[in-house]
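Thanks for coming, everyone. Have a look at it on the screen before I start.

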Amino acid sequence: MKNLKWILLAFIGLNVGNTYAQKQQKPNFIVIFTDDQGYGDLSCFGHPTIKTPNIDRMAFEGQKWTNFYVASNVCTPSRFGLMTGRLPVRGGMEHERRRVLFPDSKGGIQPKELTIAEMLKTENYSTACVGKWHLGHLPQFLPTSNGFDYYFGIPYSNDMDRNPEYAYQRFQKTNPDYHGFNVPILRNETEIERPANQNTLTQRYTEESVKFIKEHKDKPFFLYMAHNMPHIPLFNNKKFAGTSDRGLYGDVVEEIDWSVGQIFETLRAEGLEDNTYVIFTTDNGPWLVFGENGGSAGLLYGGKGTSYEGGQRVPCVIWGKDVKPGIVSKMGSTLDILPTICSLAGIDAPKDRVLDGFDISPVMRGEDKTPRDVMFYYHATKLFAVRKGAYKLYFLSNNPLGYPAKIEVLEKPTLFNVMTDPSEKYNVADDYPEIVSQLKKLAEEHLATVEEVPNQLVLVEGK
């Protein structure tokens with residue numbers, strides 16, 4: 001009987017162990033999202049003087065996606081697309097007059113939308129948002145109302161809440177005084193600092209993220225780490241001041257690379273590297289109107305505020321145990337992150353709404369076929385262009401610097417093969433009239449699926 005008791009206890013213990021192991025099979029997810037970082041601002045994407053060894057290692061061990069797009073060419077709508085897998089025009093998060101949310105905005109992401117965090121909560125994930133949110137600063141719109149257990153960061157862009165006593169210092173070649181930008185830091189819904197000391201922002205975001213990983217290593221977690229940098233105004237820690245050959249902008253990007261290194265060091269120290277996926281990308285192209293402080297789109301045309309390649313094609317690196325290393329030239333998008341994470345976590349993606357994203361996990365595993373062959377590019381509520389396969393057709397044009405953003409309807413759509421001509425120098429519309437017709441029809445079919453909804457960006461406090 002005694003032996004039988006020990007056998008039963010051992011069997012029970014084994015089952016408990018197996019159950020625990022099964023629970024641990026759910027992978028962890030980390031999305032690192034930078035702000036206004038250009039396609040050409042990483043050494044692994046060709047920058048000659050910005051050194052990013054940690055992101056480069058991530059790309060070498062994982063996948064570098066060279067045809068990866070964001071959902072919009074400015075902050076708020078781009079982040080909506082990442083969080084929901086839906087084009088921001090479907091959620092009332094695009095507008096011609098107010099392109100993003102401001103401190104006096106009273107709109108934000110609506111309760112009916114489902115975020116990555118909310119989807120993962122159905123499988124008991126621990127969730128944290130560290131950094132810039134920019135989907136609404138009022139309590140009902142904050143991360144803690146949208147599936148995140150914890151939030152630490154600035155709820156909008158770091159150049160907002162400007163103190164009128166200070167001159168607008170965004171053109172400075174050295175770090176401006178952070179007191180000139182009266183932005184708050186929130187912990188959950190509580191303001192803990194104003195103005196935020198932005199010189200230590202990247203460091204503190206890193207410390208908060210490392211702490212979250214360590215505290216939640218025993219159950220599946222999702223960390224959304226959204227840096228405010230390198231959005232203008234540029235700030236960095238004194239440890240990184242003057243360390244880059246690229247100047248202040250390079251200092252800021254190299255500090256972000258240090259931060260990525262800290263995340264990976266933590267994953268390896270805690271034994272989590274075999275069960276964690278990490279995605280590094282940015283929210284839109286570089287802010288070109290600020291010259292050398294605004295970043296570079298590399299060989300791409302245009303920047304932030306445009307839907308040319310330089311405005312919406314962004315650097316992307318995906319890393320994980322099951323990710324087949326290599327360079328991926330197939331199309332991908334931040335819109336694909338929600339359905340892909342759902343697939344990897346064994347969760348059904350929402351079926352009661354239009355999703356504009358696809359599950360790209362087969363491509364991550366090395367399969368040749370990709371579900372994404374089409375991308376729609378909006379400027380506010382207007383469809384600016386459409387890409388299918390190698391060809392991108394433009395219906396509108398604007399200043400390639402992004403500002404002033406005067407939108408004009410083209411008398412005749414222009415067509416570019418962005419696989420052979422990523423700089424968009426050669427209009428081939430006259431050579432391929434059948435492709436122009438095909439893409440026009442595709443655009444018409446898409447627009448028929450877009451329903452008008454209450455716009456959130458034009459809602460202003462006191463009006």
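Some ground rules. This is a predicted model, where local features need pLDDT of at least 70 and side-chain atom pairs count only at pLDDT 80 or more, while totals for chains, interfaces and linings use all residues. Residues are numbered from 1 along each chain as its sequence is written, and side-chain values use heavy atoms, with hydrogens and water left out.

Let's start with helix 2, residues 53-61. Helices here are DSSP runs of H or I with at least four residues, strands are runs of E with at least two, and both are numbered from the N terminus. Which residues of helix 2 are buried? They are Ile 55, Met 58 and Ala 59. Buried means under 20% relative accessible area, exposed means over 50%, and partly exposed is in between, using a 1.4 Å probe and protein chains only. Looking down the axis of helix 2, the buried residues fall within an arc of 95°, so they line one face of the helix; that arc is taken from the directions from the helix axis to the C-beta atoms. The general rule behind this is that an α-helix has 3.6 residues a turn, so residues three or four places apart point the same way. On the face turned away from the buried side, you'll find Pro 53 and Phe 60, both exposed. And what covers the buried residues? The cover includes strand 2 (63-69), helix 6 (248-269), strand 8 (276-282) and strand 9 (316-319).

On a 1 Å grid over the protein atoms alone, a cavity is a set of points where a 1.4 Å probe fits but cannot get out; a pocket is an open set with protein on both sides within 12 Å along at least five of seven lines; and lining residues have an atom within 4 Å of a point. Grid points are joined across faces, edges and corners, and a volume is the space filled by probe spheres set on the points.

The structure holds 3 cavities of 30 Å³ or more, and the largest cavity comes out at about 50 Å³. Strand 1 (28-34), strand 8 and helix 8 (337-344) each supply at least two residues of its lining. Among the lining residues are Phe 29, Tyr 277, Leu 344 and Met 364. The lining of the largest cavity splits into 8 nonpolar, 1 polar and no charged residues. For that count, Ala, Val, Leu, Ile, Met, Phe, Trp, Tyr, Cys and Pro are nonpolar, Asp, Glu, Lys and Arg are charged, and the others, Gly among them, are polar.

The largest pocket has a volume of about 300 Å³. It is lined by 18 residues, and the closest to its centre are Val 100, Phe 102, Asp 159, Met 160 and Trp 287. Its lining divides into 8 nonpolar, 3 polar and 7 charged residues.

On to the loops. Asp 35 sits between strand 1 and helix 2, and at 0% relative accessibility it counts as buried. Its side chain makes a polar contact of 2.5 Å with the side chain of Lys 132. A polar contact is a pair of N or O atoms within 3.5 Å; within protein, one must be able to donate a hydrogen and the other to accept it, and residues adjacent in sequence count only if both atoms are side-chain atoms. Beyond four places in sequence, Asp 35 is in contact (heavy atoms within 4.5 Å) with residues including Cys 75, Arg 79, His 227 and Asp 283.

Next is His 134, in the loop between strand 3 (126-131) and strand 4 (150-153). His 134 is buried, at 1% relative accessible area. Its side chain reaches the backbone oxygen of Leu 101 at 2.7 Å. Among the residues His 134 touches are Cys 75, Arg 79, Val 100 and Met 160.

Asn 146 lies in the loop between strand 3 and strand 4, and is buried at 2%. The side chain of Asn 146 reaches two backbone oxygens, that of Phe 141 at 3.2 Å and that of Leu 142 at 2.9 Å.

Last, some backbone geometry. Where are the cis peptide bonds to look at? One runs from Met 229 to Pro 230, with omega near 5°, and another from Ile 232 to Pro 233, with omega near 0°. Pro 230 lies in the loop between strand 7 (221-226) and helix 6.
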